Amino acid sequence: MNEMFEAPQGRRMNALSALALQGAAGAVFLAWATVAAAQDAKPLKGDKALGEYLSNTCTGCHQISGVSKAGVPPIVGWPEDQFIAVMETYKDKVRENKVMQTIAAGLSKEDLAGLAAYYATIKPTKGAAQ
Amino acid sequence: MDFNRRHILGGAGASLGVLALGAPAVLGQAKPRVVVIGGGPGGATAAKYIAKDSQGKIEVVLVEPKKEFTTCFHSNLYLGDFKKFGEITHTYDKLASAHGVKLNHQMASAIDRAKKQVVLADGSRLSYDRLIVAPGISLKYDSVPGWGKEHEKVMPHAWQAGEQTKILKAKLDAVPDGGTIIMIAPPNPYRCPPGPYERVSMMAHTLKAAGKTKSKIVIIDPKPKFSKQGLFQEGWEKYYPGMVEWLAPDIHEGIKSVDPKTGTVVTGFETYKNSPLVNVIPAQTAGQIAIQAKLVDKSGFCPIDANTMRSTVDSNIFVIGDASIAGAMPKSGFAANSQAKVAAMAVRGDLTGSRVFPARYANTCWSLIEDGDVVKVGAAYAAKDGKIAATSTFVSKTKEPADLRKQNVQENLGWYAGVTADMFS
Ligand SMILES: Cc1cc2nc3c(=O)[nH]c(=O)nc-3n(C[C@H](O)[C@H](O)[C@H](O)COP(=O)(O)OP(=O)(O)OC[C@H]3O[C@@H](n4cnc5c(N)ncnc54)[C@H](O)[C@@H]3O)c2cc1C
């Protein structure tokens with residue numbers, strides 16, 4: 001189990017979620033523990049083109065093929081709300097990892113919606129550990 | 001700072017709005033051509049992204065003499081026996097086969113800016129609609145008295161990877177127990193700010209692993225301080241006690257001369273003789289081609305527009321990677337990869353009218369100090385007041401828990417796999 005991707009414990013959860021994260025075979029599996037009544041959840045319709053552009057920052061580490069090596073998990077093909085929820089926890093510094101917190105700090109709600117919309121459309125290539 | 005689409009359409013982003021919405025520069029003509037000079041992290045990424053994202057609408061030619069590219073990043077891991085040479089060496093085949101980049105394996109010898117042509121080593125010319133200049137650095141061989149290009153096999157720099165890296169490794173492995181390695185560190189600005197100090201760590205690791213703990217590494221530094229200094233010095237004391245000595249300029253009082261024949265380094269303070277390994281990392285400028293084409297300012301590097309990486313000297317040219325003056329961004333492979341994608345977007349905007357978004361950049365530099373202990377420094381960046389400025393930053397802390405450092409080890413390996421896939425496949 002890779003510490004970096006563990007669920008934050010005993011810390012503030014935003015309205016979006018309580019997230020449970022489990023690592024399996026070096027990959028990351030994300031599951032909704034509970035989806036709390038999401039009052040602020042009029043989900044933004046993500047601008048995929050913006051998301052594709054912003055994904056350029058992600059692809060410096062996270063492979064677009066969905067292949068994952070060592071301490072960098074795959075991020076393709078996630079449900080949009082899940083993608084946003086994970087990024088929000090970095091943005092709120094609820095979840096540890098300085099690199100992700102720093103990247104997330106500069107992303108607006110539109111940005112996150114765009115990224116989520118884009119990544120939801122990407123399927124892992126054959127052979128990528130998911 | 002939060003950029004969003006509102007910024008594009010008004011105020012500070014007005015010029016971008018024009019680029020995004022205005023008539024593409026060469027629509028309606030024959031297929032536009034982009035020439036990329038240099039197939040390092042910057043050039044390879046730019047060539048790939050322009051070819052991939054334009055889906056055949058732009059012809060991309062990558063001019064690079066080498067058929068295999070050895071990364072400087074993780075070359076220190078090779079020195080420390082954490083990676084094999086083959087693991088830090090990549091080919092360009094996939095750029096051609098998967099994305100349709102045309103490879104032209106020779107040097108560009110000149111840029112004819114008036115004619116918008118690149119002159120190649122064989123005398124032929126390549127016309128371009130847009131040109132990406134990504135030649136990395138050139139070394140100032142006259143910046144260390146007594147040392148020059150003719151001595152680089154005896155006193156290697158290994159600041160451009162390949163044969164030099166192997167020479168350095170062979171010399172490192174041959175250092176006898178009790179021998180003193182001298183590193184002459186470079187002045188600012190230079191490629192990879194933490195690079196010399198990660199290298200020292202890996203040299204010390206190799207000596208220690210071979211039981212040569214009576215050996216020493218002396219760093220003669222022209223700078224009064226260096227990147228992640230507290231973290232490196234803490235690590236050296238912890239893992240390599242008594243083996244690493246860092247000398248600031250007020251201590252060594254300058255390098256007077258080196259003699260490659262005898263392995264001698266003379267400083268204002270002391271003379272070191274018979275060193276089995278002198279690693280000279282000289283001062284640096286942008287790659288020669290950028291200097292010849294007069295894309296540089298008096299710093300020796302190329303000024304660019306912070307939102308696009310477009311040269312401020314020539315609007316048909318983009319300069320990315322180590323050759324550029326990228327504001328707060330360090331000269332790193334991570335940064336070059338990030339800048340390349342911003343330039344690629346701007347080039348497509350120019351040539352095919354595709355959407356152009358405000359620039360976002362990122363960087364993280366991981367440094368391996370000892371097995372299981374990696375420190376990191378990084379930031380996110382955007383254009384601000386005409387410069388690339390950090391919008392948020394972080395750096396590892398001294399005395400932080402060992403498991404954090406262990407996670408960094410994995411992250412560093414994952415990053416390398418990811419970024420090289422992004423550049424070369
Ligand atoms: C020891 C060391 C460790 C490092 N560690 C890290 C690290 O951990 N992380 C990190 O992000 N960065 C690291 N770096 C920095 C990184 O290697 C550079 O910043 C990066 O290589 C810059 O990429 P570039 O594309 O600008 O230039 P380069 O990598 O130098 O590539 C330029 C290419 O252009 C070609 N070229 C030059 N002139 C011409 C011409 N006239 N015609 C055709 N082709 C030409 C060259 O052959 C070369 O292939 C390290 C550097 C060193 C030295």
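Author: Two strands count as paired if DSSP finds at least two bridges between them. This model is predicted. In chain B, an open sheet of three strands has the order β22-β23-β24, with antiparallel pairing.

Reader: How do you know that β22(B) and β23(B) pair?

Author: Ten bridges join β22(B) to β23(B), residues 373-384. Pairing needs at least two bridges, so these strands qualify and are a pair. In one of the bridges, A362(B) has A380(B) of β23(B) as its partner.

Reader: Why are β22(B) and β24(B) called edge strands?

Author: β22 (360-370) and β24 (387-395) of chain B each pair on one side only. From one strand to the next the twist averages 25°.

Reader: What makes R355(B) and D47(A) a salt bridge?

Author: The closest N and O atoms of R355(B) and D47(A) are 2.7 Å apart. The cut-off between a side-chain nitrogen of Lys or Arg and a carboxyl oxygen of Asp or Glu is 4 Å, so this pair is a salt bridge. Across the interface of chain A and chain B, two salt bridges are found.

Reader: Which helices of chain A supply at least two residues each to the side that touches chain B?

Author: They are α1 (48-58), α3 (98-105) and α4 (109-120) of chain A. The largest share, seven residues, comes from α1(A).

Reader: How much area do chain A and chain B bury between them?

Author: About 2700 Å², 57% of it on carbon and sulfur atoms. Y53(A), V99(A) and T102(A) supply 21% of the area that chain A buries against chain B, more than any other three residues.

Methods
Residues numbered from 1 in each chain as written. Chains lettered and ligands numbered in written order. Predicted model: local features only at pLDDT ≥ 70, side-chain atom pairs only at ≥ 80, totals over all residues. Heavy atoms only, no water. Helix = DSSP H or I, 4+ residues; strand = E, 2+ residues; numbered from the N terminus. Axes fitted to C-alpha atoms, helices over the stretch in contact; angles between N-to-C directions. Buried area = accessible area lost by both parts, 1.4 Å probe.
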